[in-house]
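I opened the notebook to look up charged contacts and surface patches. My entries follow the model below.

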Amino acid sequence: MDKELRILILEDVPNDAELMELELREAGIAFSSKRVETQKAFLKALKDFLPDLILGDYNLPSFDGLAALAIVQEECPDVPFIFVSGTIGEDYAIETSKKGATDYVLKNRMSRLAPAVHRALEEIKERAERKQAEAALWESEDRYRDLVENSQDLICTHDLQGQFLSVNPAVAKLLGYDRSTILKMNVRDILAPDVRDQFSSYLDTIRRDGIAKGSMLVQTATGERRLLEYNNTLCTEGVASPIVRSINHDVTEAKRAEQALRESEEKYRILVETSPDAITLFDLNLNIIMVNGPALTLYGCERSEEIIGKSVLDFLVPEQLARAREDIEKVLETGSIGTVEYTLLKKDGTLFPVELKASLILDKKKKPGAILCVSRDITERKQAEETLRSEQEKLEMVTQNIGAGLALISKDYHTLWANSVLKQIFGDVESKNCYSTYNQRAGICPGCGVRGVFEGSSEKVTHEQVGRDNQGNTIWSEIIATPIKDKDGNITAALELVIPISERKRVEQEKAALEEQFRQSQKMEAIGRLAGGISHDFNNLLTIIKGYSQLFRLGLKESDPLRENIEQITKATDRASGLIRQLLAFGRRQILEMKVLDLNTVLWDLEKMLRRVIGEDIELVTFFADDLGRVKTDPGQIEQVVMNLAVNARDAMPNGGRLTIETANVDLDDAYAHSHIDVTPGRYVMLSVSDNGVGMSPEVKERVFEPFFTTKEKGKGTGLGLSTVYGIVKQSEGNIWVYSEPGKGTSFKIYLPRVEEAFEEIDEKVVNEELLHGSETILVVEDEEGVRQLAADILENQGYKVLQAHDEGDALRICEQNRDPIPLMLTDVVLPKINGRALYEHLKPLHLEMKVLYMSGYTGNAIVHHRVLEPGINYIQKPFSIEGLARKVRQVLDKDSRPAV
């Protein structure tokens, strides 16, 4: 050993230990030692000192050598143990050897110690070398085992009868059996049934030659057949009996790929041979290496030997050789060329035109190998084109003056000729496919009339189509296609008559839009007439309900519980009358008090209220024209229009947004009026209210002005807000239009006629809660008894003397009989056989002091002109309140000026 030997000495006599050390040093053994004499010290030394050799006495006072040997055999069996004792006999020596001692030496024969140690050291060396060899062997076997176990190849062994001895996982995976099952099988068992009779021949070959190579067809557990290539060797050395080592490769997929390739090549060959086009294959030196039958015909040959090996350039006319070389270079660079035309030579020198395409063929290394050319004789097409061109001059004079496009279309949909009209519309169309010219399509248009002509479905096919002209504009055309036939009646081309109909389409669309506007206008007018027709009777009923409710309430104490019931009746009546007013507004039956005003001023006054109405999460943006013209409308009603539109915009922006109000002077011309029904050309003031909310669908937009139509939840709206806006604008001789798309907001644009009249002051209405009393005589004329009696009761409660008349005759009789002054007549506008104004004019001569106060919920045209209250007319709207009637009567009586009639 090269390193210093570590010797543990188990000895209770120090002198004996020293004798041992002396003997070993004299023998030239280099070592270090440690002496122990107890079991505890011995165990500690084994762990800490790590001895290479142990010298132990047989007998110790508290420990003995055999016990120490047993510990060594358990803890470090590779460490030699030599007994050195003075009492050990031959029998004990034999016993220690059996129990694992390396040797024994008697203390009286200490000269034997050094040789015994040398022998022990040799044993250590041999044991280490043996372990190293065993480790190397195990490592080699592990590598071999790992190689076999993880190999993708199928590795197995079998005996000379074919019985499996071992298989790797790849074999089990392929066959679909577990290893234990395969090891019970014979190789013959896994062969496909139809080849099992060949197995005995294989065994004969391996026994005779010691090797066997070939392929075998096996059948897996699922019945699948797989083809294996094997390389087997017979092994006879180092084995108890001969075995065959077998390495197999699964070549099933490779063979299938080879078969698929052969089938593909066969299909390709059949395709080439049966193709109607001429197919020529030539190498990179431009020598022809393959042609199909149509190619032989194309070149005027009968056998392939007449053309194989010749250069393709031999079949080109000289003036096209340079272009051909350029095209071949293009094929080599890009892989192909599109359709090109050439003039070729037949074998006999005849010239003929062809249309061809060429593609580069790559070899197995993906490098250029050959060029494939597909050609087609276009002699007939060229002749047809020439024939048609010869007729062009004759047709030109006619076609250029018919006011429509004309084109000749070949059977492959090329435009052979076009007149100047068609070229002006679509540009240079000749020699181009008609479908790419008119519709920018890559293929034949759906419903193509030319196709119908070529297929013989009709002698004339007419259809409409939309495309784009040479400026990119959309254009509508009516196309009439008719066949062009040769003398034998065969269709050679088609004639297309292309008539531009974009203007006609535009007119049709405008007509449809105007008809829809007219239909909508008629519907609105009908609803308006219905609203006006029922409002008179409804207002009479509401007047009675409201008036008597208020009179009844006046007789109740403040603490009376019935007051709350009466107030609820009054509130319901007010809501009902509000709905009637909205219906009248929509139906343009509402009375307007027209004023000349500045729309900007109205909007400025409304701005603060608008901000409160729309809320803080909506931004209000205004753009008011500085030089805005004047309009004539009812100030209160125009405020109602703006408020209704603002509320509608607010509801369209539940998460906030922007409300934009804009005014401007606009001139609506004849073109605008032509496309918008009921619009008169002229100067207008535009009021625009826009939001960036949810917008409207076309279906909603169409019905947006209809009364009671709403998209809001039940109870969230009456559906009269926008219909009221519509009626007020129309009654002001204006127009309103809505522009909206889902998700893009809504814009309402109102156009009111501009006027040149001077501004008028807008009366401020002062509310005076004090009931004004009087003692004058008042004639009440009303055909509805309940309303008449209510008015009389209210006025009598205020101190007036009331005379009642239910019609014209009754009123005339009272006026003739009553010689006392009658300062005021309160009359309904709509009476049987006569209106209120005519009645007043009839009675006025009998009582010159008489003034008149008209009342109605629907006036007809008696005291208004186009629903506008005439100046000086005194009027109170039904249903009225006690306070309202008392105040209005007092105001009329106190006027200094004579009332207008």
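Which side chains meet in a salt bridge at 3.2 Å, N to O? I found R381 and E385. I took a salt bridge to be a side-chain nitrogen of Lys or Arg within 4 Å of a carboxyl oxygen of Asp or Glu. Both residues lie in helix α13 (residues 379-399), four residues apart, about one turn of the helix. I used helices (H or I, at least four residues) and strands (E, at least two) as DSSP runs, numbered from the N terminus.

Basis of the entries. This is a predicted model, so I noted that local features need pLDDT of at least 70 and side-chain atom pairs count only at pLDDT 80 or more, while totals for chains, interfaces and linings use all residues. Residues are numbered from 1 along each chain as its sequence is written, and side-chain values use heavy atoms, with hydrogens and water left out.

I read R381 as buried, at 17% relative accessible area. E385 is buried too, at 10%. Buried means under 20% relative accessible area, exposed over 50%, and partly exposed in between (1.4 Å probe, protein chains only).

Next, E306. I saw its side chain meet that of K347 in a salt bridge of 2.3 Å, N to O. E306 lies in the loop between α11 (293-298) and α12 (321-334), and K347 in the loop between β13 (336-345) and β14 (351-362), so the pair ties together parts that are 41 residues apart in sequence. E306 also meets R303 in a salt bridge, at 4.0 Å, N to O.

Buried or exposed, what is E306? E306 is buried, with a relative accessible area of 14%. K347 is exposed at 51%. R303 is partly exposed at 48%.

Wider count. By the salt-bridge rule I have 34 salt bridges. I also logged a network of them that links E224, R226, D250, E253 and R256.

Surface patch. I found L541, I545 and I569 forming a nonpolar patch, with about 250 Å² of accessible area together. Patches are made of residues with over 30% relative accessible area and no salt bridge; like charges are joined within 9 Å, nonpolar side chains (Val, Leu, Ile, Met, Phe, Trp, Tyr) within 5 Å. Accessible areas come from the Shrake-Rupley method with a 1.4 Å probe, and for residues only the protein chains shown count as cover. L541 sits in helix α17 (residues 502-554). L541 is partly exposed, at 47% relative accessible area.
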